[in-house]
Amino acid sequence: MLDRTRVTALLARERATFEDRHPRSAAAYARADHLFGRVPMTWMNKSAAGFPIHLDRARGARVSDIDGHEYIDFCLGDTAAMAGHSPAPVVEAVTRRLADLGGASTMLPTEEAAAVGAELARRFGLPLWSFTLTATDANRWAIRLLRAVTGRPRILVNSYCYHGSVDESLIVVGPDGQARSRDGNVGAPYDVTQTSRVAEFNDLEGLARELAHGDVAVVLMEPALTNIGIVLPESGYLAGVRELTREHGTYLINDETHTFSAGPGGATAAWGLDPDVVTIGKAIGGGIPVGAYGLSAAVSAALSGRTDLDLVDMGGVGGTLAGNPLSLTATRATLEQVLTDAAFAGMIDVATAFATGTQKIIHEYGLPWSVNQLGARVEYRFVSPAPRTGGASAAHADAELEDYLHAYLANRGILLTPFHNMALMCPQTTTDDVARHHEAFADALGELIG
Ligand SMILES: Cc1ncc(COP(=O)(O)O)c(C=O)c1O
């Protein structure tokens, strides 16, 4: 129903404005001849306006670029900064470890690590924790361990999931209903259809069919999909997943890296879930790299029972910097002083204001779009009602429209996550920030509709 010529013209106009407003970012990008893709990590080229703004500074819910513009940051490092940028308790703890005590990379445990394990156990209900540097690695290592325990070769994921750059997860349900490698998955060590199975989210029949093969070690899933818009679980779905996985002797990992936005113990605690393993990363470090996986007592006992599994050396999990004192001091400060129960309550209230207002504006303009909320995270999607599977959500992506909205908002001082239309609240995000988003968003839609 949108006039596509108008969308194209508006995007071109916003890109031109963006270029005019960001001469220093443009020049820095043009000068970066020795960065592959001109950025330190290639996905930073996911920029609605053709080149990325270059960071100057960031505090709380604000980011400033080297052209002197300040933004309300609803991207928050795609969740890595859900605690806000440089929260004071984390800065203090990290400074103490790095500057006063020293020892960021010692390969020695600290007393703080035990406190972090205990706090994660309290929040997520799993008693035993181990650390990585990223959520990707938490997933990789947990998969590896569960393969070891079960002796089964495959994993299962949901179509259009994202769990980091985990080879086995880059699989989707194709239009013919058959599993196939996800577009862009080039250079994989093995054909992903040989290492993995896939089912649509909210599809218990599909899951049962795939698990019946008896070769799936573990289902790796987000309790709500967050990387293809937000796709929420239907009533009974997560209980059904748990039942089926138990029935087929398959372990269940809840990847809480993003669904942590649901509350202090993620969706696992908020919805009373009972996974065998929880993986997480990003926000728990308050901006410092860390990942973690929590094991049930049964999984831990099964691992300990494998005397042939060399977890001290060659067991296939590990990293020199994993569990380093800097990551763990940051995580302790984040959990104990920043992303507290009270902070989550405030963030979720602000997110509710974001969701309600956004929905109202969409309704006023008569657009067939939907808004979903997952605690402190909100996302709108160009389809209504909200999709119930990853495949359906992927089918309604609209890159040009998305770029227009992102560029329009960026030109007016508002950042969304560059991937789809996600907005995240940190403890410092205010309802005034939300109102500023709504004003710009309404103007953007006004121009779109004409
Ligand atoms: C659900 C989920 N798991 C894992 C990851 C990987 O996190 P990282 O890139 O920090 O390793 C992501 C990243 O977006 C994610 O969304």
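**Around helix H8**

Visitor: What do the buried residues of H8 pack against?

Guide: The buried residues of H8 pack against S5, helix H7 (204-211), strand S9 (216-221) and strand S10 (251-255), where buried means under 20% relative accessible area, with a 1.4 Å probe and protein chains only. Helices (H or I, at least four residues) and strands (E, at least two) are DSSP runs, numbered from the N terminus.

Visitor: Where do these values come from?

Guide: This is a predicted model, in which local features need pLDDT of at least 70 and side-chain atom pairs count only at pLDDT 80 or more, while totals for chains, interfaces and linings use all residues. Residues are numbered from 1 along each chain as its sequence is written, and side-chain values use heavy atoms, with hydrogens and water left out.

Visitor: Okay, which residues in H8 are buried?

Guide: In H8, which covers residues 237-247, they are Tyr-237, Leu-238, Gly-240, Val-241, Arg-242, Leu-244 and Thr-245. After H8 comes Gly-249, which has a positive phi, near 65°.

Visitor: You mentioned S5; how many bridges join S5 to S8?

Guide: Four bridges join S5 (residues 154-158) to S8, and the two strands run parallel; strands count as paired if DSSP finds at least two bridges between them. Val-157 has Val-198 in S8 as its bridge partner.

Visitor: And which way do the residues of S8 point?

Guide: From S8 (residues 196-199), Ser-196 and Val-198 point one way, Arg-197 and Ala-199 point the other way, and all are buried. In a regular strand the side chains alternate between the two faces of the sheet.

Visitor: New topic: what order do the strands take in the open sheet of four?

Guide: The order is S1-S2-S3-S15, with mixed pairing, and the edge strands, S1 (55-59) and S15 (414-415), each pair on one side only. Between S2 (residues 62-65) and S3 (residues 70-73) the pairing is antiparallel, over three bridges, and Ser-64 stands opposite Glu-70 in S3.

Visitor: How many residues are in the largest nonpolar core?

Guide: It has 71 residues, and among those with the most contacts inside it are Trp-129, Phe-260 and Trp-369; such a core is a set of buried Ala, Val, Leu, Ile, Met, Phe, Trp, Tyr and Cys residues joined through side-chain atoms within 4.5 Å. Helix H12 (residues 341-364) gives the most to this core, with nine residues.

Visitor: What is Trp-129 in contact with?

Guide: Leaving aside neighbours within four places in sequence, Trp-129 is in contact (heavy atoms within 4.5 Å) with residues including Leu-120, Phe-124, Ile-280 and Tyr-293. A second, separate core of 46 residues includes Leu-145, Val-216, Ile-228 and Ile-253.

Key:
Buried means under 20% relative accessible area, exposed over 50%, partly exposed in between (1.4 Å probe, protein chains only).
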